[in-house]
Amino acid sequence: MFPKSTNAGALALLATPIVVIAAVLIQPTLSGDASTQVTALTSHHQAMITGLTLSIIALVLLIAGTLWLALALAPRAPRLAIAGAVLGVFGALVVLFENSIAVTAPAIASGLGHAQATAMLERVHSGAIAAVEPLALLGDIGVALLGIAALKAGAPRWAAAAIAVGALGEGAGFATSTKA
């Protein structure tokens, strides 16, 4: 169904969950309480940075894989492929924005006193991140649409179902990696 020259896109999709799992295993789970986050960020500084870096790498791989899959499916299911690509990439960019903001948390926690860092994290999480967080679901919907497009393009039903379930599972993985 796909030319051999597009193996990089398939590998990106296959590598994404592996990198996400590694990020979740390395990065300590943070509660929603800013004060507890500051304590965790200062005591697990390197693990936080490594985990967040791996999460960002996983998002870049997910975007590349989503674009590859959409381009591969476009000749047989153009509308679903385009809608899936737009929503999938947009949702992944929202998560990338959230993670980029989260990367600043270890620097904030280490450069300020506990009370100041707590106040700063509360403002960050109640502002920019809270405003765009619901939009991240669009990425899961987009990749699920690509699963439907794969079915229309002739992929077996199990493969289309695996893409859709994988999209929702990966979204849940990203959502749970930073909250207790």
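Among contacts in the protein between residues at least 6 apart in sequence, what percentage join residues at least 24 apart? The share is 80%, where a contact means heavy atoms within 4.5 Å.

Before going on, a word on the model: it is predicted, so local features need pLDDT of at least 70 and side-chain atom pairs count only at pLDDT 80 or more, while totals for chains, interfaces and linings use all residues. Residues are numbered from 1 along each chain as its sequence is written, and side-chain values use heavy atoms, with hydrogens and water left out.

Here's the protein at a glance:

| Feature | Value |
|---|---|
| Secondary structure | 7 helices and 0 strands |
| Buried residues | 39% of the 180 residues |

Helices are DSSP runs of H or I with at least four residues, strands are runs of E with at least two, and both are numbered from the N terminus. Buried means under 20% relative accessible area, exposed over 50%, and partly exposed in between (1.4 Å probe, protein chains only).

Now for helix H1, residues 7–26. Its buried residues include Gly9, Ala12 and Thr16. H1 bends by about 30° at Ala15, with Pro17 following within four residues. That bend is the angle between axes fitted to the seven residues ending there and the seven starting there.

Finally, look at Thr66 in helix H3 (residues 45–73). Thr66 counts as buried because its relative accessibility is 2%. Beyond neighbours within four places in sequence, Thr66 touches Leu13, Gly84, Ala85, Gly88, Val89, Val143 and Leu146.
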